[in-house]
Structures are given as structure tokens and as C-alpha cells.
Amino acid sequence: MTNAVPGAAWRAGAVVAFGAALLTACTSSDGVQELEALFDEEQRAEDVLPDTVLDDVAVDGGTMRRLAADDDATFYAARSNEGASTCLVLVDDAAGEGVSSCTMTPNPTGTEVSNGTSKAMFVVPGTDFTSLEQSGWTRLGDFLAVR
């Protein structure tokens with residue numbers, strides 16, 4: 001003899017399925033996962049910064065991933081030294097100096113970094129870029145806008 005309430009297993013399964021559907025509906029589908037997937041890829045030679053620049057930006061050098069470059073700067077995604085934040089790194093190629101900006105939010109879109117000459121912002125796939133273009137931003141790669 002069991003002590004189970006008739007239909008209890010079905011209701012429990014329905015609650016779990018509903019909860020999973022709710023979590024899926026709340027999960028960001030705006031390209032953040034694509035940016036995060038960069039950190040799963042093996043680091044390449046072009047992703048590695050000299051120690052002098054890494055000292056400026058205070059990010060985990062093993063997580064550096066080159067996103068793009070323009071005439072004045074090279075742009076990277078990285079993890080903070082604590083590993084909890086996604087960071088945008090801007091390296092002034094002529095000066096050999098870098099700056100970074102990190103975010104604690106799951107969606108780094110809008111995280112900006114500037115060195116006074118160049119300015120960059122994370123813009124993940126799925127972001128409406130129209131208003132940014134009207135404000136003078138130029139898309140530079142899948143995850144980056146510059147001004």
C-alpha cells in the first residue's frame with residue numbers, strides 16, 4: 001500500500017515542466033550566449049596581450065579574446081580577475097596602453113570603455129542598432145560598436 005495521492009506525480013511533473021518553461025522564457029535570447037561562447041574557445045596568439053598592457057587593465061589574461069580592431073585601437077572581451085564579470089578591453093595600439101570596463105550583469109550590452117580618443121561598447125547580436133547608428137556609433141564586428 002502506498003501513501004501517494006492520486007495524480008500527485010503528474011502535478012509535480014507539470015509544475016517542473018512549467019517552471020522550466022518559465023525559466024526558458026526569462027532567459028536572454030539576445031546574443032549574450034554567443035558572446036559567452038567566445039570564452040569556451042581556445043585562446044589564439046592574437047588574443048594574448050603583453051604583460052605591460054595586462055597590468056593596465058586588470059583582467060584575467062587567459063580569458064582575453066580579440067573582437068576587432070580599427071585604425072587606432074584593438075578591442076577584446078575578457079573575464080575580470082575574479083571571473084564573475086565580462087569585461088570590454090580597449091588597447092591603444094600606438095601607446096601600448098589599455099583600459100577596461102566590466103559589468104556584473106548577465107547582459108553586458110551597453111558596457112562602454114573609453115581612453116579619451118576611442119570609445120567602444122558591447123553590442124551583442126540581436127541588439128537594435130538603429131538608434132546607436134543615429135548617435136554616431138559604428139558596428140565593428142558581432143559584439144562591438146565604436147565611436
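**Close-up views of a predicted model**

**View 1. The largest nonpolar core.** In this predicted model, the largest nonpolar core has 18 residues, of which Leu35, Leu67, Phe75, Leu88, Ala120 and Leu144 touch the most other members. At least two residues of this core come from each of helix H2 (32–37) and strands S1 (65–69), S2 (73–79), S3 (86–92), S6 (119–122) and S8 (144–146). S2 gives the largest share, 3 residues. A nonpolar core is a set of buried Ala, Val, Leu, Ile, Met, Phe, Trp, Tyr and Cys residues joined through side-chain atoms within 4.5 Å; buried means under 20% relative accessible area with a 1.4 Å probe, protein chains only. Helices (H or I, at least four residues) and strands (E, at least two) are DSSP runs, numbered from the N terminus.

**View 2. Surroundings of Leu35.** Beyond its neighbours within four places in sequence, Leu35 is in contact (heavy atoms within 4.5 Å) with Ala77, Thr86, Pro108, Phe122, Val124 and Phe143.

**View 3. The open sheet.** The order of the 4 strands in this open sheet is S1-S2-S3-S4, with antiparallel pairing; two strands pair if DSSP finds at least two bridges between them. S1 and strand S4 (97–103) are the edge strands, each pairing on one side only.

**View 4. S1 beside S2.** These antiparallel strands are joined by 4 bridges. Arg65 stands opposite Ala77 in S2.

**Notes.** Residues are numbered from 1 along each chain as its sequence is written. Local features need pLDDT of at least 70 and side-chain atom pairs count only at pLDDT 80 or more, while totals for chains, interfaces and linings use all residues, and side-chain values use heavy atoms, without hydrogens and water.

Methods: Buried < 20%, exposed > 50% of the residue type's maximum accessible area, 1.4 Å probe, protein only.
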